[in-house]
Amino acid sequence: PAFVQINHSGSAIYGKELLDVEGFQPLAPSALPHPALPHVRPRAMTEGEVAALPETYAAAAGRAVRAGYRGVQIHACHGFLLGQFLSPLTNVRTDRYGGDIQGRARLLFEIFEAVRSVVDADLPVSVRLGAADTFPGEKPQGLTIGESCRVAGELAALGVDDPLHGLRELDLQAAGKVELVIVLHHVRHAALAGLAVDADDR
């Protein structure tokens, strides 16, 4: 069966043709250049625009399911919009969608709940989550593994699904190069809590 991945680029706009369109300006959590695209100058989304995104994602998920897709994955890594919200390098908001990791992850949680509410219970909804903004051994900056583990724990509590094995699990990717999978069995919350503690010690 085929799954659909739902994504929003935010300020990660690579197409010159689009950037050259008169009046076009990418949207982002904050009016900060994308770390990989310093020439792109986004506009910070208003709180109302952010709050409207869960309904937009849910509508996209509903269309995908009606079209025959058998599951939905929410893309929240690789420097696209939801990853931009999670990272303090690109999210310096002072409203409820910024600040600590709970605030920076609020949009992701709201989107997951909105998508889950419109997708049949027998169809999985998963999340692809960025693990960290730096590699092991580098000076930590931006999103940390400890923060990502906290986000993963909250998503597990909300009921995130594994699209491949019929288990509950979450894919974590660090900078698109390192992938680890946390398998969430009946003891998934305790396992995640332990991993988060370990990550804080690194």
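A salt bridge, as I use the term here, is a side-chain nitrogen of Lys or Arg within 4 Å of a carboxyl oxygen of Asp or Glu. I am working from a predicted model, in which local features need pLDDT of at least 70 and side-chain atom pairs count only at pLDDT 80 or more, while totals for chains, interfaces and linings use all residues. Residues are numbered from 1 along each chain as its sequence is written, and side-chain values use heavy atoms, with hydrogens and water left out.

I looked up the salt bridges and found seven in the structure.

I turned to Arg 104, which pairs with Glu 147, the closest N and O atoms being 3.0 Å apart. Arg 104 sits in helix α4 and Glu 147 in helix α6 (residues 145-158), so this pair ties together parts 43 residues apart in sequence; I take helices as DSSP runs of H or I with at least four residues, numbered from the N terminus. For burial I use relative accessible area (1.4 Å probe, protein chains only), with buried under 20%, exposed over 50% and partly exposed in between. Arg 104 is buried at 4%, and Glu 147 is buried at 16%.

I then checked Arg 96, whose side chain meets that of Glu 47 in a salt bridge at 2.9 Å, N to O. Arg 96 lies in the loop between α3 (81-86) and α4 (101-104), and Glu 47 in helix α2 (residues 47-66), 49 residues apart. Arg 96 is partly exposed at 39%, and Glu 47 is partly exposed at 35%. I noted that Glu 47, Arg 96 and Glu 110 are linked in a network of salt bridges.

Last, I looked at Asp 95 and Arg 93, which form a salt bridge at 2.6 Å, N to O; Asp 95 is partly exposed at 22%, whereas Arg 93 is buried at 11%.

Note on methods
Helix = DSSP H or I, 4+ residues; strand = E, 2+ residues; numbered from the N terminus.
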